[in-house]
Amino acid sequence: MEYAFIGIVATVLLASIASIWTTSIKTTRRISLENLFVLIQWYITMMLGFGLIYMVLQMNGHHVFTPSANRTANECFSILQDSLYLSGMTLLSVGYGDVTPKGIGRWIAIIEALLGYIMPAVLVARTMLDWDER
């Protein structure tokens, strides 16, 4: 069951990335706040999606990351918190090292970091393609 959930999350993530190529071209402005909001939406979607993948795998005994030292009484909330933190640090920076991926989590983190670096370039490429089509 957990692998079906991971498949659904991965599909949503891929659809979110592919959505940039299906958005309509705006003829009124060359640069808009809409592009900024699309980029922020992508980052939030990616962070939540990868965080859920880490959480599901961790809760099912795959040990994809080393949890933080400060655990709360609610184990599920601690895993969710660590998963989202790991996802955010991997997507937006190189991380701090307090929650680190291990095992298959390293490969997931590599994919997430790669997407984090590629997304702004894709947005710039899409903007340039829109300019060329005008």
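Good morning. Among the elements of the protein chain, helix 1, residues 2-18, carries the lowest mean pLDDT, 76, while strand 2, residues 100-101, carries the highest, 92. These are confidence scores, for what we are viewing is a predicted model. Over the protein chain as a whole, the average pLDDT is 81, and 84% of the residues score at least 70.

Let us turn to the overall arrangement. The protein chain contains four helices and two strands. Followed along the sequence, these elements give the pattern α-α-β-α-β-α. Of the contacts in the protein chain with a separation of 6 or more, 73% are between residues 24 or more positions apart.

How much of the protein chain is buried? Of its 134 residues, 34% are buried. As for the surface, the protein chain exposes about 8400 Å², and carbon and sulfur atoms supply 69% of that area.

I now come to helix 2, which spans residues 33-59. With 27 residues, helix 2 reaches 39 Å from its first C-alpha to its last, close to the 39 Å expected at 1.5 Å a residue. One of the residues in helix 2 is F37. Is F37 buried or exposed? Its relative accessibility is 52%, so F37 counts as exposed, the cut-off for that class being over 50%. F37 also takes part in a nonpolar surface patch of about 570 Å², together with L33, L36, I40, I44 and L48.

Next, please look at what comes after helix 2. The helix is followed by G61, which has a positive phi, near 85°. In the loop between helix 2 and strand 1, residues 65-66, we also find H63. Most residues other than glycine have a negative phi. H63, although not a glycine, has a positive phi of about 50°.

Finally, let us consider helix 3, residues 75-92. Helix 3 has 18 residues and covers 26 Å from its first C-alpha to its last, close to the 26 Å expected at 1.5 Å a residue. Which residues of helix 3 are buried? They are S78, I79, D82, S83, L86, S87, G88, M89, T90 and L91.

Thank you for your attention.

How values were computed:
Residues are numbered from 1 along each chain as its sequence is written. This is a predicted model: local features need pLDDT of at least 70, side-chain atom pairs count only at pLDDT 80 or more; totals for chains, interfaces and linings use all residues. Side-chain values use heavy atoms; hydrogens and water are left out. The expected span of a helix is 1.5 Å times one less than its number of residues. Patches are made of residues with over 30% relative accessible area and no salt bridge: like charges are joined within 9 Å, nonpolar side chains (Val, Leu, Ile, Met, Phe, Trp, Tyr) within 5 Å. Accessible areas come from the Shrake-Rupley method with a 1.4 Å probe; for residues, only the protein chains shown count as cover. A salt bridge is a side-chain nitrogen of Lys or Arg within 4 Å of a carboxyl oxygen of Asp or Glu. Buried means under 20% relative accessible area, exposed over 50%, partly exposed in between (1.4 Å probe, protein chains only). pLDDT is the predictor's confidence in each residue, from 0 to 100. Contact means heavy atoms within 4.5 Å.
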